Amino acid sequence: MKEKTSAHYQREYRRRLRELGLVKKEAWILPENAKWLAKFEKLLRAEFDETLLENGVLEMTEMKKWTTQSLFDALAVDPLFDGDKATIELIDGVAPAVHFVMHDQGDLPLFLTVSGEQILVEAVLWSEDEVADTQGFNDAVLRTHKFFPLSTISLDVLGDGKAYYQMFGALSATSILSNVIFEIEVLASNVIQAAEAYSEYLLLQKQATK
């Protein structure tokens, strides 16, 4: 089966926005006002409350900030996670996390957490022990990871005390839900593509080709 590209997920993202009845409008602004444009955009994606207007000036309110629980509740009712394409569950604990199983990507597991101002979506690629040439691999990642849009690769020590390479994407904790869903879909696609792109550095791959 042909792997879906990031362009495919971008088209799907735009399709969902159109289905919500939204239209695209171009705006020219000063660079330093970008954060305000994002806040206005969020307000205007819902039915506009004209009581926010006072003397011709819009009073900005605090953006809704997600928690792991509230984001799970919102994602759980999205059609993407109806069980056919993907499933979702909340892992409770001191630091709760949302666990996804992406069926369209071979049951790929992803995890999402909200901490402070940031939403983090991540997936384990492989352990450091599984890399045949760590120096060569790290060099390759630094030179090529920019080709995986919206995602970055890190090396982290997990609960078992071993170091693992992970791919992750980060968003603001005030991101709109459609952006969070888009990040999840893009990360899943990027993990599959990264597994193919870097397979030559893995021990199992080298053993299989001998």
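The structure is a predicted model, where local features need pLDDT of at least 70, side-chain atom pairs count only at pLDDT 80 or more, and totals for chains, interfaces and linings use all residues. Residues are numbered from 1 along each chain as its sequence is written, and side-chain values use heavy atoms, with hydrogens and water left out.

**The chain as a whole**

- The chain has six helices and eight strands, and from the N terminus on they run α-α-β-β-α-β-β-β-β-α-β-β-α-α.
- Of the 210 residues, 36% are buried, where buried means under 20% relative accessible area, exposed over 50%, and partly exposed in between (1.4 Å probe, protein chains only).
- Taking contacts (heavy atoms within 4.5 Å) between residues at least 6 apart in sequence, 59% join residues at least 24 apart.
- The accessible surface comes to about 13200 Å², and carbon and sulfur atoms account for 54% of it; such areas come from the Shrake-Rupley method with a 1.4 Å probe, and for residues only the protein chains shown count as cover.

**The strand 3 and strand 4 hairpin**

- Strand 3 (residues 86-91) pairs with strand 4 (residues 97-102) in the antiparallel sense, over six bridges.
- These two strands form a hairpin with five residues between them, and G93 in the turn has a positive phi of about 160°.

**Helix 3 and its buried face**

- Helix 3 (residues 68-76) has T68, L71, F72, A74 and L75 as its buried residues.
- Seen down the axis of helix 3, these residues fall within an arc of 165°, so they line one face of the helix; the arc is that of the directions from the helix axis to the C-beta atoms.
- What do the buried residues of helix 3 pack against? Their partners are strand 3, strand 4, strand 5 (108-115), strand 6 (118-127) and helix 5 (177-197).

**Salt bridges**

- A salt bridge is a side-chain nitrogen of Lys or Arg within 4 Å of a carboxyl oxygen of Asp or Glu, and by this rule the count comes to three.
- K65 forms one with E117, with the closest N and O atoms 2.6 Å apart.
- K65 lies in the loop between strand 2 (57-58) and helix 3, and E117 in the loop between strand 5 and strand 6, so the pair ties together parts that are 52 residues apart in sequence.
- K65 is partly exposed at 42% relative accessible area, whereas E117 is exposed at 55%.
- D129 and K162 meet in another salt bridge (3.9 Å, N to O).
- D129 sits in the loop between strand 6 and helix 4 (134-144) and K162 in the loop between strand 7 (152-157) and strand 8 (163-172), so this pair ties together parts that are 33 residues apart in sequence.
- D129 counts as exposed at 52% relative accessibility, and K162 as partly exposed at 34%.
- D139 and R143 also form a salt bridge, their closest N and O atoms being 2.9 Å apart; both lie in helix 4, four residues apart, about one turn of the helix.
- Of that pair, D139 is partly exposed at 37% relative accessibility and R143 is exposed at 57%.

- L171 lies in strand 8 and is buried, with a relative accessible area of 13%.
- Not counting residues up to four places away in sequence, L171 touches E117, Q118, I119, V121, N179, V180 and E183.
- L171 and Q118 are 53 residues apart in sequence, yet 5.7 Å apart in space, C-alpha to C-alpha.

- Most residues other than glycine have a negative phi.
- D107 has a positive phi of about 65° although it is not a glycine; D107 is found in the loop between strand 4 and strand 5 and is partly exposed at 47% relative accessibility.
- L150 also has a positive phi, near 70°, and its place is in the loop between helix 4 and strand 7.

Definitions and conventions
Two strands pair if DSSP finds at least two bridges between them.
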